[in-house]
Every structure is written in structure tokens, then in C-alpha cells.
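Subject: Handing over the structure

Hi,

Here is the structure I promised to pass on to you. Please have a look at it first, and then read my notes below.

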Amino acid sequence: MKRFFGRVQMAEPRVSDAERELFGGPLRYDMGWSQHEHATLDLTMMSALRSMPKLVATTLRMAWHADRRALTAVVVSEIGQGIAAAAALLAVNAVMHALLGGSGNATQRLHALLPGLLAAAGIAVVNSALAGWSTARAGRLEPLVERIATTQYLAAATSVELEAIDDPDFRRLVDIAQYGPASARRMIGACVAALNGVISLITTAGVLTILHPALLPLLILIAAPRGWGAMRVAQERYVSVMSWIEHVRASRLIGNLLTERTAAHEVRVHGVGDFLLSRYERMAESAETEQERLASSKALTEWVAGALSGLAMAATYGTMFWLITNGHMSLAVAGTAVIAVRSGSASLGALVMNVNQLHEESLYVRDHGRFLERAAERAIPGGGSPVPDPVERIVLDQVVYRYPDRETPALDQVSLTLPMGSVTAVVGENGSGKSTLMKLLSGLLLPQEGTLRWGDAEVGGLDRSEVFSRVALLTQDFQRWPVTAAMNIRLGRPAHAASPEDLQASVDHAGAGPVVAKLPDGLRSLLARMFRGAIELSGGEWQKIGLARTHWRSSTSQAGSVLIVDEPTSALDPEAEIEAFDRIRRLAGPHRAVVLVTHRMSGVRHADRIYVLHRGRLAEHGSHDELMAAQGRYAAMFDAQAAQYAPIARIPRPASPTVTDPA
Ligand SMILES: Nc1ncnc2c1ncn2[C@@H]1O[C@H](COP(=O)(O)OP(=O)(O)OP(=O)(O)O)[C@@H](O)[C@H]1O
């Protein structure tokens with residue numbers, strides 16, 4: 001009994017050997033479905049029914065905002081279908097009476113049938129027209145709701161502070177909420193179906209009560225086991241999905257790795273392909289065993305539900321037989337009742353399934369709503385004062401910045417000045433805080449202590465979109481947009497319309513002329529390997545396009561701007577690197593400051609001022625000559641790199657390991 005009526009238990013996940021070998025145990029993604037685990041496992045028929053009105057209201061509100069006329073049409077047509085179903089039953093009743101309860105000869109009886117039959121046929125035509133109307137209007141509503149929800153999601157994701165994007169909890173919410181829009185779309189369909197189910201159930205129940213009051217409880221008795229069966233099967237499926245979601249993800253991860261372009265080299269040369277494929281098969285086999293178990297369990301539950309429903313049906317027919325033989329019910333009413341009971345139990349079964357689906361989808365829609373709320377809390381504030389004009393310098397004073405999940409600050413009491421027209425270099429070992437400093441300078445992060453001022457204005461009080469408009473960024477991992485070469489450059493300032501000819505000066509400045517000349521369609525060539533006919537550039541060629549984009553942004557910026565370049569030459573050959581540093585230096589102008597971050601010491605020696613960071617603190621600063629004379633950290637770094645190019649007197653060879661011959 002407990003097998004069928006007890007609480008559905010979460011099965012202990014069975015980890016395949018392949019998973020243990022690869023991941024050290026089950027992969028546990030802390031996102032998506034697992035967040036719904038408890039909400040979903042709580043799903044009982046009562047809790048699902050209790051939450052029904054709220055869910056329907058949420059969906060209807062969304063649909064109302066999307067297109068109120070389409071929504072009204074759907075509701076009207078669904079109510080119309082319910083009324084048509086009731087009218088059809090009454091027409092059937094009239095036919096039954098004419099057939100079984102009428103008087104006269106056969107011809108007269110057949111004539112008496114005609115009005116009922118004609119009415120039933122007319123109602124069927126109206127009903128199908130209403131169903132078609134509902135389908136067409138719901139077909140408009142569904143994509144509309146999905147589009148609105150997707151736009152809300154994307155707009156919210158792009159409007160938050162960078163700090164939120166770096167926050168793992170927020171990222172998780174971003175991941176989960178992506179399923180919301182599709183669920184909102186499916187909820188419309190489920191809602192319409194549920195509405196249809198409720199209306200036809202009410203009308204059928206009304207007709208049955210008119211026919212005989214005893215028939216309504218009997219209808220419930222027939223439908224209840226099927227409803228229970230549907231709910232039980234759904235619960236078992238949820239629990240299985242919960243238990244197996246991590247394993248499904250693990251095998252999907254392997255599948256992706258096998259086909260990913262970035263892994264293609266090692267998959268082939270290191271023989272990783274065959275190895276991972278065999279693990280994939282073993283993991284898939286254990287998932288198939290679970291599917292088989294689930295199918296058997298479903299078959300058994302449905303059989304029990306069917307048997308109970310059959311017993312209830314027998315009891316119903318028995319009662320009807322008793323009512324007829326004792327003269328409490330006419331044969332005609334009994335005939336109509338049989339049809340009404342059948343259609344009523346089908347409606348109830350479908351309703352249970354739809355409520356079930358509504359509940360499942362609503363979990364994702366709720367996540368979507370939660371994400372929108374959290375994103376609004378963490379959005380970059382709008383408004384603020386304009387950036388002063390002119391700005392003579394940007395000044396950091398005793399700035400401290402600590403990442404949310406870190407104890408030690410990434411930047412600790414850092415002070416520096418960027419005068420317009422100057423080139424400032426920032427150097428330091430890995431993890432010393434250079435990139436964090438660049439994020440602060442570009443307005444992506446705000447100081448937690450100390451001040452950052454554009455002219456006399458504190459950055460926190462400025463209109464951030466104006467600050468961004470004064471910044472040009474070129475980082476090592478700059479975006480390689482899958483669009484044409486021209487658009488790749490123009491996206492440095494997308495709001496500024498430009499023809500490929502307008503971009504030529506930027507191409508020339510970046511030394512990207514030969515790169516563009518090689519492209520089949522010049523600047524109009526598509527740069528994206530995933531599309532047919534597109535071209536893939538090498539890392540160094542991409543960096544030249546990136547530099548052209550930076551030039552385009554700088555050349556279209558207003559007075560008082562800053563150009564931030566972070567490791568811009570890592571993929572360039574030595575000659576191109578020297579040229580690139582020269583071009584970047586030339587971008588400094590009377591109203592533009594350039595900040596350069598690099599590990600290439602040769603690139604910074606011509607900077608006006610060099611700042612050396614060490615473990616988030618400013619270790620020293622000065623010109624190249626001053627810092628070399630000081631013989632501190634900078635001089636040590638510079639000398640270490642220079643030594644690699646010094647003439648080699650004698651290359652010491654490492655001692656060969658002694659190999660003993662076992663023979
Ligand atoms: N998003 C982040 N969340 C948490 N900690 C971070 C984040 N980004 C950087 N850090 C930490 O802050 C410190 C400074 O990192 P940063 O990237 O600024 O150094 P860097 O000098 O640019 O290093 P590299 O030369 O390797 O690029 C490091 O300890 C790093 O682990």
C-alpha cells in the first residue's frame with residue numbers, strides 16, 4: 001500500500017564508476033533544478049490545487065500586459081466552448097428521449113430525433129470554430145509573453161553592476177532565470193487548457209446534477225483514481241529528475257567537451273576522444289536503467305489507477321441499473337449520463353495534468369521574477385551629475401577595493417594621478433591588482449574606501465553612463481564579436497553610425513591594413529567561424545582589429561577621456577608589438593589620458609609615469625629612469641626580462657637523469 005499511497009521518496013543517486021573516475025563523485029551543480037527540489041517534492045494534489053488561483057492570476061496578469069485583446073478572445077472562446085459542451089449534452093439528452101422514451105412508429109421516432117441531431121451538429125460546428133479561435137489567439141499570446149519575459153531578462157542582466165556579475169550567487173540566479181521565459185510561454189498553454197478543463201467540468205457537473213443528483217459523486221469517484229495516478233506518476237518523474245539531474249548534466253558536459261572546438265586538439269592528439277566516449281556510454285547506460293525503472297513504475301501506477309477507476313465505473317453503472325429498475329431514472333437519462341460521465345472523467349483527468357504542469361512551470365517563472373527583483377536592486381543607478389568639462393586629471397586617493405568573497409583587499413590604499421595628455425603604465429606581478437585598478441578607473445567598480453575623482457567630481461556621484469562614454473577599453477580578452485570586420489570596429493561606439501570608409505583611419509592607425517586586405521570582402525567580411533563563408537583570424541590579427549576598435553572609440557569620444565589598455569600585445573609578434581606600443585602612446589592627446597597595463601617591460605619604459613603594484617599596494621612609482629636608479633622592484637623586473645635577451649656566454653645543461661639498464 002505504501003508503495004502506491006506513501007510519500008514519493010528521493011532515490012539515493014547511483015553514481016556510475018565513470019563519474020567517480022572523472023569527477024571524484026556525482027557532479028553537483030548548485031543551480032537550476034536543484035533549487036526547486038524542495039518546492040517540487042512538496043507537490044501533492046492538494047498543494048497544487050491550493051496554489052492554482054495564484055498561478056493562474058500571475059499568468060493572466062502577464063498575458064494581460066502582453067495583449068489584452070488576445071487574452072479576452074481566448075477567455076471568451078474557452079467559456080463559449082464550455083457552454084457548447086453543456087448544450088451538446090442537452091442535445092444528446094433530447095435525442096435519447098426521442099429514441100428511447102418517445103411514442104409512435106419508427107418513422108415518427110426518427111423524425112422526432114432530427115431537431116436534437118441538428119442541434120448537436122450545429123453545436124459541434126460552433127465548438128470547433130471557438131476552439132480554432134482560441135488556438136489562434138493563444139498562438140499570438142504565447143510568443144508575445146515569451147518575448148516580453150526574455151527582453152526583461154536580458155535588459156536586467158545587462159543593467160547590473162559588474163560586482164553582481166562577479167557574485168556567484170547572483171550568477172546562479174542569472175543561470176536559473178534563463179528558463180523563465182519559455183516556462184511563461186508554456187504556462188499560457190497550460191492555463192488555457194486548465195481553464196477549458198474547469199469550464200467543461202463545471203458544465204458537465206451541472207448537466208449531470210440536472211439529470212440525477214446521485215450522478216455527480218459517482219463522476220468524482222470514477223475520475224479520482226485517474227487523477228491520483230497522474231499526480232503519482234508526475235511526482236515519481238520529478239523525484240527521478242531530481243535524483244538524476246546531476247548525472248544527466250555530467251554526461252551532457254562530456255558530450256559538449258567532445259564536440260567543442262577549443263577541446264578539439266587534445267581530443268584528437270591526446271586520444272581524449274575515445275576515452276571520454278567510453279565514459280559517456282557507461283554514464284548513459286546507468287541513466288537508461290533509471291528510465292526503465294521509471295517506465296515500469298508508471299505502468300504499474302496507471303494500471304492500479306485504471307483498475308480503481310474501472311471499479312468505480314462498475315459501481316456507477318450498477319447504481320444506474322438500480323435507479324432504472326426501481327423507476328428512479330429513465331433509460332434516456334441513463335444514456336445521456338453514460339456519455340456525460342465519460343466526458344466528465346476525461347476532463348477531470350486532463351485538469352489534474354494541467355494543474356500539475358502549471359505548478360512545474362511556475363517554479364521557473366517564479367525564479368524569473370526573483371531575478372528581476374534582485375537585478376533591480378543591483379542595477380547601475382541612473383541619473384547623477386554630468387562629468388565636469390574640462391577634466392584635467394583623474395585622481396585616485398587611498399582607494400581600497402575588496403572582492404565580496406575575499407578577505408584581503410585586491411587594492412589597498414592606492415593613490416595615483418592620470419593627467420590628460422599623459423601615458424601612465426601600471427606593472428606588477430600576477431594577482432597584484434592591475435586589472436582591478438583598471439575596472440575602477442573605467443567606472444565598472446566603485447571604491448569601497450578612498451576617493452576616485454574625475455576633475456573635482458567624485459565618481460560615485462556622477463552619471464555612470466557618462467563616465468562609460470568617456471572610457472575606451474582594450475583588454476587581452478576583448479570581445480571577438482561574430483559580425484563583420486567593419487562592425488567589429490564600429491562596436492567600439494555602436495551609437496555612432498559609420499560606413500566601412502569612415503573606419504579606414506582606425507584600421508590604418510592599428511596597422512590592421514594587411515589583415516583587412518587579406519579578407520575576401522575587405523571590411524565587409526564576416527569574422528565568425530561558426531557561420532558559413534566566415535573567416536577566422538589569428539590571435540595577433542584579432543588584436544589589431546581590437547586596437548582599431550579602440551582607436552575608433554577614442555576618436556569619437558568627447559574631451560576629457562581615458563584610454564585603458566590591459567595586455568594589448570600578448571599575441572603580437574615582436575615587430576608588431578613595438579609598433580602597437582608606439583600606436584597606443586600616440587593615442588594620448590591633450591584631452592586624453594592613456595593607461596597601459598602590461599608585463600612587457602620594454603613597452604612601458606617610454607611611459608610618462610610608471611606605477612608598480614605589489615599585492616594590491618603601490619610599491620613605487622616614477623619615470624623609467626627614476627625607478628631604475630632606485631634599484632627597487634621595477635628595476636628587478638626590468639633586469640630579469642632584459643637578461644633573457646642578453647648574449648649567452650654559456651648555456652648550462654641540466655644534468656641527465658641516470659637511467660639504469662635493467663638488462
Ligand atoms: N572577480 C573576482 N572575484 C574575486 N576575486 C578576484 C576577482 N578578480 C580578481 N580577483 C582577485 O583579486 C586579486 C587581484 O586580481 P587582478 O586580476 O586585479 O590582478 P592582476 O594584477 O591583473 O593579475 P594578472 O597579471 O594575472 O592579470 C587576485 O588575488 C585575484 O584572485
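The ligand is surrounded by 13 residues, where being near a molecule means having a C-beta atom, placed from the backbone, within 6 Å of it. The closest are Tyr403, Ala410, Asn430, Ser435 and Thr436. Helix H14 (residues 434-441) gives the most to this shell, with three residues. By type, the shell holds two nonpolar, seven polar and four charged residues. Here Ala, Val, Leu, Ile, Met, Phe, Trp, Tyr, Cys and Pro count as nonpolar, Asp, Glu, Lys and Arg as charged, and the others, Gly among them, as polar.

Before you go further, please note that this is a predicted model, in which local features need pLDDT of at least 70 and side-chain atom pairs count only at pLDDT 80 or more, while totals for chains, interfaces and linings use all residues. Residues are numbered from 1 along each chain as its sequence is written. Helices (H or I, at least four residues) and strands (E, at least two) are DSSP runs, numbered from the N terminus.

Now to the strands. How many of the residues of strand E7 (residues 561-566) are buried? Six of its six are, with buried meaning that 20 or more other C-beta atoms lie within 10 Å of the residue's own, exposed that 12 or fewer do, and partly exposed anything in between, with C-beta atoms placed from the backbone. In a regular strand the side chains alternate between the two faces of the sheet. In E7, Ser561, Leu563 and Val565 are on one side and Val562, Ile564 and Asp566 on the other, and both faces are covered.

E7 has a partner in strand E6 (residues 471-475), parallel to it over five bridges; strands pair if DSSP finds at least two bridges between them. In that pairing, Leu474 stands opposite Val565. E7 also runs parallel to strand E8 (residues 592-597), joined by six bridges, and there Ser561 stands opposite Arg592.

Strands E9 (residues 609-614) and E10 (residues 617-622) are antiparallel over five bridges. They form a hairpin with two residues between them, and Arg615 in the turn has a positive phi of about 50°.

Elsewhere, the unreviewed UniProt entry annotates residues 70-92, 112-133 and 187-208 as "transmembrane region"; such annotations, given in the numbering used here with shortened feature names, may be inferred rather than shown by experiment. In the model, residues 112-133 are 100% helix, with end C-alpha atoms 33 Å apart. Residues 187-208 are also 100% helix, and their end C-alpha atoms lie 31 Å apart.

Finally, two single residues. Glu21 lies in helix H2 (residues 17-23) and counts as exposed because it has 10 C-beta neighbours inside 10 Å. Ala315, in helix H12 (residues 272-325), counts as partly exposed because it has 13 such neighbours.

Best wishes
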